[in-house]
Amino acid sequence: MAQTSSRWNKKGIHILGLIISLLLLIQNGNAYEFKVGNSGDWSVPLDANANDYNRWAERSRFQIGDTLLFVYPADKDSVLLVTKEDYANCSTTSPIEKYSDGHSVFKFIHSGPFYFISGVHDNCVKNEKLLVVVMADRSNKNQTPSPSPSLSTSEVPPAPAPSVEETPPPPTNSVEMNPTPAPSQESSPPMNSASSIVMSFVGSIGAFIGSSILLGI
């Protein structure tokens, strides 16, 4: 009886571990962690006249839900989220947010520009600063385009009414020609954007196999 109870306990732990793995995979399936500059190192660029961080950011695609990792010595540096003006002037006096733990992770919760500078003014002057532009959410929600702000509804000209032309009567002894019907055009199938679901499914299978091996041991 004790062996049966122990066997059921192991199965319960197995199922619980699998559920937790699936929840983590679903939660992180559409988000990515970007390491600043590809390495995560947050420091003064080798060439102080060139902003290597912004060059890296221009080659990357950031979306809502993604995170940014900064790695730096906590006793010598920090990361400041600032306004556009403070970014341009390397002003460290009134940041929006400050991170100084040496291993900082910032999550993008909305689209638009984000401005980061070093908490050390001299480092910021030497181009230890980063501008990230977040585009949109990876999920296919909110795909309806918004109207252009420069053109209000009242300014939209009404569509012209279709003109009606009178068809002349056919001439006497005319030969009626049956027009050949135009071939129908099949619409292209919608693009399938389920890559993230496939990756989550593959990850789930990996988690299931891994947990099975651990329980077998």
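Colleague: What makes Phe 106 and Phe 116 count as buried or exposed?

Modeller: Both are buried. The term means under 20% relative accessible area; over 50% is exposed, and in between is partly exposed (1.4 Å probe, protein chains only). Phe 70 is buried too.

Colleague: What kind of model is this, and which atoms count?

Modeller: This is a predicted model: local features need pLDDT of at least 70, side-chain atom pairs count only at pLDDT 80 or more, and totals for chains, interfaces and linings use all residues. Residues are numbered from 1 along each chain as its sequence is written, and side-chain values use heavy atoms, with hydrogens and water left out.

Colleague: Why is the pair of Phe 106 and Phe 116 called edge-to-face?

Modeller: Rings of Phe, Tyr and Trp (its six-membered ring) pair if their centres lie within 6.5 Å; planes under 30 degrees apart are stacked, over 60 edge-to-face, the rest tilted. Here the centres are 5.1 Å apart and the planes stand at 80°, so the pair is edge-to-face. Phe 106 is in strand E6 (residues 103–107) and Phe 116 in strand E7, 10 residues apart. Strands (E, at least two residues) and helices (H or I, at least four) are DSSP runs, numbered from the N terminus.

Colleague: What makes the pair of Phe 70 and Phe 116 tilted?

Modeller: Its planes make 50°, with 5.3 Å centre to centre. That angle falls in neither the stacked nor the edge-to-face range. Phe 70 lies in strand E3 (residues 67–71) and Phe 116 in strand E7 (residues 112–118), so the pair ties together parts that are 46 residues apart in sequence.

Colleague: How many aromatic pairs does the structure hold?

Modeller: It holds 12. Ring pairs link a cluster that includes Phe 34, Trp 42, Phe 70, Phe 106 and Phe 116.

Colleague: How do you know that the charged end of Lys 129 sits over the ring of Tyr 87?

Modeller: It is 4.3 Å from the ring centre. The rule asks for NZ of Lys or CZ of Arg within 6 Å of the centre and within 35 degrees of the ring normal.

Colleague: Why are E1 and E6 edge strands?

Modeller: The open sheet has the order E1-E3-E6, with mixed pairing. Strand E1 (33–35) and E6 each have a single partner strand, so one side of each is left without a neighbour in the sheet.

Colleague: How do you know that E1 and E3 pair?

Modeller: Pairing needs at least two DSSP bridges between the strands. Three bridges join E1 to E3, and these strands run parallel. Phe 34 stands opposite Leu 68 in E3.
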